[in-house]
Amino acid sequence: MTPPACSPLTPISAARPPAADARTWLVRPDILSRLDYAALFGNGHPVELELGAGDGSFLIRHAGATPGRNFLGVERLLGRLRKVDRKARTAGIANVRGIRIEAGYLLEWMIPPASLAAIHVYFPDPWPKRRHWPNRLVNAAFTRLAHAALMPGGIVHLRTDHPGYHEQMQKVFAAAAGFETCAPPEDLLAVKTDFERDFNAQGISTRVLAYRKTDPTGTPTGACVSGG
Ligand SMILES: C[S@@+](CC[C@H](N)C(=O)[O-])C[C@H]1O[C@@H](n2cnc3c(N)ncnc32)[C@H](O)[C@@H]1O
């Protein structure tokens with residue numbers, strides 16, 4: 001699939017605090033500050049991030065089924081994010097926020113260190129041509145940013161349909177310090193994304209990976225149960 005062209009970010013007012021607009025769940029961030037989750041969500045629940053949330057097919061269902069956690073959907077296309085917002089409000093789901101921004105920038109500059117219970121990356125653009133591989137989101141730099149952003153025991157959940165990208169994901173996490181593989185729970189795997197349903201309907205299977213940030217004080221269990 002050819003990824004859509006990058007569009008410019010919405011103009012930002014640095015004076016505006018990173019709070020959700022009163023009429024929407026879309027966040028207007030101060031891109032020079034780290035996010036204040038308590039201000040965003042109004043509680044201290046653990047926070048999970050979805051990068052490249054698309055239309056929110058995963059985010060809305062997972063958030064609806066997990067009221068004790070907060071979910072932040074990251075998407076660069078405003079039209080898709082507006083759908084996430086509409087779906088969340090229609091379904092009365094209060095633990096979702098959406099933010100229009102480039103995923104790598106958000107991870108590096110706006111996520112407080114060691115703050116996330118989970119990062120979900122489902123069907124990221126595969127950039128199949130070799131010369132475009134540097135554009136792939138999940139690379140060695142991503143493992144370092146994810147490690148810094150996750151709390152100990154926090155988990156990176158990955159899904160792709162693309163064999164080459166699947167291989168790259170495995171390679172970069174195998175080379176990264178501070179992660180161990182784990183098995184995602186069945187109820188999480190049952191929450192399919194829009195792209196996943198389309199691929200599966202065409203007979204293309206989902207390739208699933210999950211990596212937990214090791215907790216020096218904890219005992220690994222093999223199952224993916226994130227911290228927080
Ligand atoms: C192939 S779609 C998958 C959408 C969704 N995860 C799903 O499985 O249905 C990838 C999505 O990631 C978004 N995206 C790609 N690169 C991004 C980036 N660097 N930052 C934020 N969003 C990005 C695209 O706009 C697109 O909506």
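This is a walk through one protein structure, from its overall build down to single residues.

The model is predicted, so to speak of local features we need a pLDDT of at least 70, and side-chain atom pairs count only at pLDDT 80 or more, while totals for chains, interfaces and linings use all residues. Residues are numbered from 1 along each chain as its sequence is written.

Let us begin with the whole chain. The protein chain has eight helices and eight strands; helices (H or I, at least four residues) and strands (E, at least two) are DSSP runs, numbered from the N terminus. Of its 228 residues, 38% are buried. Here a residue is called buried if 20 or more other C-beta atoms lie within 10 Å of its own, exposed if 12 or fewer, and partly exposed in between, with C-beta atoms placed from the backbone. Contacts tell us about the chain too: two residues are in contact if their C-beta atoms, placed from the backbone, lie within 7 Å. Among contacts between residues at least 6 apart in sequence, 75% join residues at least 24 apart.

Eight strands form an open sheet with mixed pairing, in the order 1-4-3-2-5-6-8-7; two strands pair if DSSP finds at least two bridges between them. Strand 1 (26–27) and strand 7 (179–181) stand at the edges with a single partner strand each, so one side of each has no neighbour in the sheet. Helix 2 (residues 57–65) packs on the sheet, where it touches strand 2 (47–51), strand 3 (70–75), strand 4 (96–100) and strand 5. The direction of helix 2 makes about 175 degrees with that of strand 3, where axes are lines fitted to C-alpha atoms, for helices over the stretch in contact, and angles run from 0 to 180 degrees between N-to-C directions.

Strand 2 and strand 3 run parallel and are joined by five bridges, and the bridge partner of Glu-48 in strand 3 is Phe-71.

Further along the sheet, strand 6 (residues 150–160) and strand 8 (residues 207–213) run antiparallel, joined by six bridges. Val-156 stands opposite Tyr-211 in strand 8. Is Tyr-211 buried or exposed? Tyr-211 is buried, because 27 other C-beta atoms lie within 10 Å. Leaving out residues up to four places away in sequence, Tyr-211 touches Ile-155, Val-156, Phe-173, Phe-179, Glu-180 and Thr-181. Tyr-211 and Gly-153 are 58 residues apart in sequence, with 9.4 Å between their C-alpha atoms.

What lies inside? The largest nonpolar core has 52 residues; such a core is a set of buried Ala, Val, Leu, Ile, Met, Phe, Trp, Tyr and Cys residues joined through C-beta atoms within 7 Å. Strand 5 gives the largest share of this core, six residues. Leu-59, Val-74, Leu-116 and Ile-119 have the most contacts inside the core. Beyond its neighbours within four places in sequence, the contacts of Leu-116 include Val-47, Leu-49, Ile-111 and Met-151.

The loop between strand 5 (116–122) and helix 5 (140–149) holds Phe-123, and Trp-127 lies in the loop between strand 5 and helix 5 as well. Phe-123 has a positive phi, near 55 degrees, although it is not a glycine, and Trp-127, also not a glycine, has a positive phi of about 45 degrees. Phe-123 is buried, with 22 other C-beta atoms within 10 Å, and Trp-127 is buried with 20.

Finally, turn to the ligand. Of the 21 residues around the ligand, Gly-52, Gly-54, Ala-103, Thr-193 and Phe-195 come nearest; a residue is near a molecule or strand if its C-beta atom, placed from the backbone, lies within 6 Å of it. Strand 3, helix 4 (103–110) and helix 8 (194–201) are the elements that give two or more residues to this shell, and helix 8 gives the most, with three residues.
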